[in-house]
Amino acid sequence: MAHQARPEAGWVALLRHGSPEADAHRSAAREDPVLRWGWEALLEGDGGPWMAYGTVLLDRRTRVRWLPHLGAVDEMGRLHLPPFLEALVPEGLRDLPPGWWAVLLGGMDATGRLLPEGAPPPAELLAQLGSQAPHLQGLICRELPTRLGMLEERPWLHAVDGGWMVDPRLRAWSRGLGACPEALQDLVPAALALGDPPIGRDEALLKGRVPPGMPSGWHEVVTRDLAGLPPEAEVPPLGDATWDRLAVRWGAPLPDPQPGYPGWEVHTHACADPFHWMAKGFHAFRAVDSEGALRAFGWAWAHFERLGSPFWARRAAINASAAAALWGDLPAARQWYERGGPQEGALRLLDEAEFKAAEGDVVGARDLARRAAEGLPDHPRPGIILGLLAAEQDDRAEVAYGLERIQVPVARCYLEGFLAGFQEPPPPDMTPDLAMEWQARRVHAGLEPLESVWPQIQACPNRPAALHAGLGLLEAFPQARTPTRLSELQVLADRIASPLHLERLARLWPSLEEAVVTDAGALLTRALRDRPSPAWVWVGPGDRGRLLGPDLSPPLGLLGRLRSAGSFDPVLVEDRVWRAFPLVWQGATVGSALVSLDPDAPSQGVEDLALLAPWVAQLAPRETPPRVEAGGLLTDGSEPMASVLRELERAAPTPLPVLILGPTGSGKELAAQELHRRSGRSGPLVPVNCSAFVETLMESELFGHVRGAFTGADRDRRGSIEAAEGGTLFLDEVADLSPRLQSLFLRVLQEHEVRRVGSDRAVRVDVRFVAATHKNLEALAVAGLFRRDLLYRLEGATLRLPSLRERRHEFPYLVPRLLVRAAEGLGLPVPDLAPGLAQALGRLPWEGNFRELRHALDRALLRCGEGPLAPDHFPELQRPAAKARTWQEATHAFQRDFLLETLRRARFNAADAADQLGLARPALYTTAKRLGVDLAAERQRWEAEAHPDLTRTDAP
């Protein structure tokens, strides 16, 4: 299969939520911000953060235990490891003779010792090697023992950095160690960066204490830092990786890179030293790299949490909150703020005021800042915040009042410039965000052109301030609203996730009604022609669609698959990799894209093709719903409804009772109406809901009563059975009849006579009986809750209606006709259907069957307006579709997947797979047949995936 730049969302959802049907972008419960970032990066094709998260979960010893499971060995014998394991095996030890690493990883017992395999080596070699010798306990012999000297010229020894290694197949006969923690622990010295537990002064520091015996200068600085005070002097380097990185907090230069530590430009790595990430965060913050600072402080927090250091974890979280706020990720900033243990009282109000201001809620921010100022009369922050917010709202009186209480020079300078009308350019020592705001004010006043400030907006480290300034300028100058500028602000607004900003920005984009496209087909053809790799778009359903793209046609076989299936996995045909996938717009499939790729070129993105979906939707034919008669069953005549209709046609003209079974909302009453219509009976169809009455009223409802039969019976009344004379009585939810009524009704079925309540005279009736229920009558009969003889009487013929889930293929037929009925019921015009809407609705579970679908159509019609009915009108389509399965289906699927996984692990060796499963080989074949596993086809598919070069073909 061709390489994909991004993993499939379903695969990520399976890892993240345990189900491929879940929303891969949704955060899981109790998911910390660092792991959330890892999943988001993985969805974008960057697996680095997600893999590096292993250093957060596992200490060094545990990580080493994962080596045999995650280590991969290529044909040259080189060991390849995931990022969080790489630092645990020296680089020079990863290249060994072919087969050695395979034995070291896969030939160990539970204690880590190698297991002998094959024929034993010559006895003299074993004698020279010895048993349980010290040179067999680690992987490397630092000095070659004299007794092994004669092996030096033989292939039993291999020179590595720092010594020699004995062939693991030979070492296995002396029970040497494999790639286990005991063998690897001395190869890389212990360090906090590798996940080793802290010791000595590292341990004291993590507990928030000053370690004893600190060198000159360090004791005072560490004491002040732990107390939350700034340093008063510089400290000399210690030559210790952790402590020299700690000093970066106090302004010390970055220490040189060291083994086990990443370079300072790296954002993800296997390093587990939290003080490295704190230093990286401060360095990135000072370099105005807010995102880099956020990621680094996030790693620091995660590792402090792993080490059980709440003191430093809170500090890292507060730093991450500040970095996230500057970067513009306000949801993350709030999360980090809470993890950092926020201030209480007036200080918390002040922090909340800054969040409100960043979200664009100036009024709410000013209110909070005023309340904070009352509790902090001597604190400088409330006055600065109030002054800046007052300037934002052009409140000159409050700015002048606040200036008397503000002592910070930069803030005073900005507010004085505001009162002076920003007549002069900003001073050179102004902070970037205030300088940008100053220049933006000059643009509003007509003192500068807009182009003079836009570079400052792009470079401003305070991204919420940049968004606010940019929105203000584009609102004031419509001619400046270029797609590039709007897109830049859209990225910021999406990250900040402020409804106020998003609403303001949405008003700046041209509406769809304003964007007139004269020829969407020509636009698509031009876009496809200009692509670096050939691509085509299929518009329209099946054989009635058309192909857009280059003049060169794709292979006919692939074109046929594109028309019929709409998508297929990458295949190699005519020395090109071909891939097809659906184009989705507003949640519905509107067409398909086919792309041809060079198999030897770097993976080429196809995201630009997905962006063509809105134009494809314009070309896709809209369906006008057909007019249909009210009532009656709707079906396109396919299975499973075809069998139901055949049985209904056979039973309708007979006098036999009919039992209709099916889930709630599946159309049982409509089936009863259809039975009555086709029966040819002249009388009416009389429906009775057996669950709507208590027993005493139900008897009167069915059988009627005579005058004086009970209190309130002031006249004779015939029941529903008599009312259905010459026609059909439909008993809905018949399972809810009481035992006494079941007995009475059984006599009616047998004798066709009715005796009214209070009467001793029987009335002969000519009635066809139809009953329906969603319950299992057989199970109720076994439990003694339903009379078995009545069940036999009702089962003259049985109709089993399928659920709507079983009729997903009928949605293109059903949805337009149900829409007509819904529109007529609401008195609304019938809209056209957007392309692919029916198929999109068919992917939902519809637990309430037709009743739920009808209500969804009613609600969508109220939202629709004058345009076509589109996926946006169905909130149900915005939620991830749940995959409804019975216990038996889920068990069957698990057994099938487990069998396939075992077969792949055994390389489709049936004997090995049966042994792993604890089955005899014939039992494995029987199990595979029961689960629907075609062993030959699955083996062929596995071989194609494992060895694609052996399965190249020039035919589709």
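Predicted model: local features only at pLDDT ≥ 70, side-chain atom pairs only at ≥ 80, totals over all residues.

Colleague: Where is H752 in the chain?

Modeller: H752 sits in the loop between helix 37 (739–751) and strand 15 (753–755). Its phi is near 55°, a positive value in a residue other than glycine.

Colleague: And F908, buried or exposed?

Modeller: F908 is buried, with a relative accessible area of 9%. That residue lies in the loop between helix 43 (887–905) and helix 44 (910–917). F908 isn't a glycine, yet its phi is positive, at about 60°.

Colleague: OK, on to packing. At what angle do helix 33 and helix 34 pack?

Modeller: About 40°, with the axes of helix 33 (residues 641–651) and helix 34 (residues 668–679) 9 Å apart. Helix 33 and helix 34 are therefore oblique to each other, and the crossing is right-handed.

Colleague: Which residues meet there?

Modeller: From helix 33, L645, L648, E649 and A651; from helix 34, A671, E674, L675 and R678. By class, that contact has 5 nonpolar, 3 charged and no polar residues.

Colleague: What about helix 23 and helix 24, how do they cross?

Modeller: Helix 23 (residues 409–419) and helix 24 (residues 432–444) cross at roughly 5°, and their axes come within 11 Å. So helix 23 and helix 24 are roughly parallel to each other. V410, C413, Y414, G417 and F418 of helix 23 contact L434, E437, W438 and R441 of helix 24. The classes there are 6 nonpolar, 1 polar and 2 charged residues.

How values were computed:
Residues numbered from 1 in each chain as written. Heavy atoms only, no water. Axes fitted to C-alpha atoms, helices over the stretch in contact; angles between N-to-C directions. Helix = DSSP H or I, 4+ residues; strand = E, 2+ residues; numbered from the N terminus. Parallel < 35°, antiparallel > 145°, perpendicular 65-115°, else oblique. Left-handed = near helix turned anticlockwise from the far one by under 90°. Contact = heavy atoms within 4.5 Å. Nonpolar A, V, L, I, M, F, W, Y, C, P; charged D, E, K, R; others polar. Buried < 20%, exposed > 50% of the residue type's maximum accessible area, 1.4 Å probe, protein only.
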